[in-house]
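Subject: Structure handover

Hello,

Here is the structure I promised to pass on.

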Amino acid sequence: MTTPLSYLSLHPFVRSTVLDKLRGTIIGSALGDAIGIYTEFLSAEQSLSSYPHPITLLPPTPFRGDTHRDKFTPGSWTDDTDHSLLLLLSYLHHNGVLSPLDFAARLKSWCSQGLRVLDRLPLGLGRTVKTVVDNPVFLADPTQAAKRNWINSRCENAANGSLMRTHVLGVITLSMTKEEAFGIAMEVGQVTHFDPRCVVACCIVTAVLRGMLRGEVVGEKDVDEIVEDAYTWVCEREWGEETKIPVLDRGEFEKYVYATEIKELQLDDARTMGYVYKALGAALLLLRRAMRAPSSDTGVFKRLIQELVMAGGDADTNACVAGALVGCWVGFTALPTEWREGIQHREWLLEKTEGLAEAVGVVKGGYRGSEDPDTAFDGGKGILGEEELRERGDWFLNEILKRMKEREDGKKAEEDGKAGSGRWGKWIGR
């Protein structure tokens, strides 16, 4: 009797390859996020001038000194990876059962508590997510809260906040049909982002990852087929009277999903850098380019992600989504060592990735997420009270102020050094 995962037993090589690709998906996304912090919100010109040499995490390339990057340390990630981990931990905690309502509750808690299991602060909270989770009906009906926010935006809000976490669903839907994967992507995506453009983006990334893990997506034609199937599937859904007709603008869609160069996407445009189609288009473009590279090209992941983040804009999200797709394609073992070994919480990430592999049936073992305190709602650390949150906030503010002062002191010392060198040279010249 065949099952949706029978293909894993065809040969030991198949199972080991799928496991490597699964690891590449989760870790590759986190790496893209961590590298993307370096140029997040910068223009392409600023990115290139700030980092004239390739970025590395081991040893760590110093951040460009500014108030945004003062909040992070090299090797850390942003809210993008945090939110995907909320989804992953919720799935593990329920022993392989997906609960959008539980994810919604964890997301609302994250907005004040952060990722408790790793004592991470809620850094990078997006405006769309905050508005939706603050809606009074969010915990009971997150999709309704998301829809209200979308309608209030005149049906124009199509930010990338649901896409950045959707790669986990590509793994979770491994044993489902493509259409079932579309449905899961839509349901989880609309916890915060209702717009059809957000939905189709989540459907595409989820289904492409599922297809690569199943050995059904082996080239660009397979990617294009999923892109078109997702477009058709989303257009056939019921969207309500408020939705503009057509549901998805075909020309706008093609402009991004079939882009041939990064510069076409204008990723660093200050007004539109958070647009979901930009992150989607960048991820698909990089995947296609990875597929064209020879199998002997072991540096393709680093080269493509480096090029992407140097385009600036919402670089952490762009590279987070692209990192999942390209990471799945090349596999964990092909990820650059100097990034892979330099990311924070590496062993913990790998441990939870192994738990996910067991939960979806890729490998067998004795892991039960419900018995793992890390997967609990509070990460096994307890919920912080108001006084503890205040103390943590004060501590973090002081840390940022210290970094700002160190940077200003460094600049002053450098300027004084240059001035002194000039006077000395002038004296010698006389």
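Ser90 sits in helix H3, which spans residues 79-93; helices here are DSSP runs of H or I with at least four residues, numbered from the N terminus. This is a predicted model, where local features need pLDDT of at least 70, side-chain atom pairs count only at pLDDT 80 or more, and totals for chains, interfaces and linings use all residues. Residues are numbered from 1 along each chain as its sequence is written, and side-chain values use heavy atoms, with hydrogens and water left out.

Ser90 counts as buried because its relative accessibility is 1%, buried being under 20% relative accessible area with a 1.4 Å probe and protein chains only. Apart from neighbours within four places in sequence, Ser90 is in contact with Val97, Ser99, Asp102, Phe103 and Arg106 (contact means heavy atoms within 4.5 Å).

Next, the empty space. Rolling a probe the size of a water molecule over the atoms shows where such space is left. A cavity here is a set of points, on a 1 Å grid over the protein atoms alone, where a 1.4 Å probe fits but cannot get out; lining residues have an atom within 4 Å of a point. Grid points are joined across faces, edges and corners, and a volume is the space filled by probe spheres set on the points. There are three cavities of 30 Å³ or more, and the largest cavity has a volume of about 90 Å³. Its lining has 15 residues, and Leu86, Gly114, Leu115, Arg116 and Phe377 lie nearest the centre. H3 and helix H4 (100-113) are the elements that give two or more residues to this lining, and H4 gives the most, with four. By type, the lining of the largest cavity divides into seven nonpolar, four polar and four charged residues (Ala, Val, Leu, Ile, Met, Phe, Trp, Tyr, Cys and Pro are nonpolar, Asp, Glu, Lys and Arg charged, and the others, Gly among them, polar).

The largest nonpolar core has 132 residues, and Ile204, Tyr277, Leu280, Ile305, Leu325 and Leu356 have the most contacts inside it. Such a core is a set of buried Ala, Val, Leu, Ile, Met, Phe, Trp, Tyr and Cys residues joined through side-chain atoms within 4.5 Å. Helix H9 (residues 196-214) supplies the largest share of this core, 13 residues. Leu280 touches Leu163, Ala201, Ile204, Val205 and Val257, not counting residues up to four places away in sequence.

In helix H6 (residues 142-152), the buried residues are Pro142, Ala145, Ala146, Lys147, Asn149 and Trp150. They pack against H4, helix H5 (127-133) and H9. After H6 comes Arg154, with a positive phi near 65 degrees.

Finally, there are twelve aromatic pairs: rings of Phe, Tyr and Trp (its six-membered ring) pair if their centres lie within 6.5 Å, with planes under 30 degrees apart counted as stacked, over 60 as edge-to-face and the rest as tilted. Tyr38 and Phe63 form a tilted pair, 4.5 Å centre to centre with 55 degrees between the planes. Tyr38 lies in the loop between helix H1 (12-36) and helix H2 (44-50) and Phe63 in the loop between H2 and H3, so the pair ties together parts 25 residues apart in sequence. Tyr38 is buried, at 0% relative accessible area, and Phe63 counts as buried at 18% relative accessibility. The rings of Tyr275 and Tyr277 have centres 5.3 Å apart and planes at 45 degrees, so this pair is tilted. Tyr231, Phe253, Tyr256, Tyr275 and Tyr277 form one aromatic cluster.

Best wishes

Conventions. Buried < 20%, exposed > 50% of the residue type's maximum accessible area, 1.4 Å probe, protein only. 1 Å grid on protein atoms, 1.4 Å probe; cavity = no way out; pocket = protein on both sides within 12 Å on 5 of 7 lines; lining within 4 Å.
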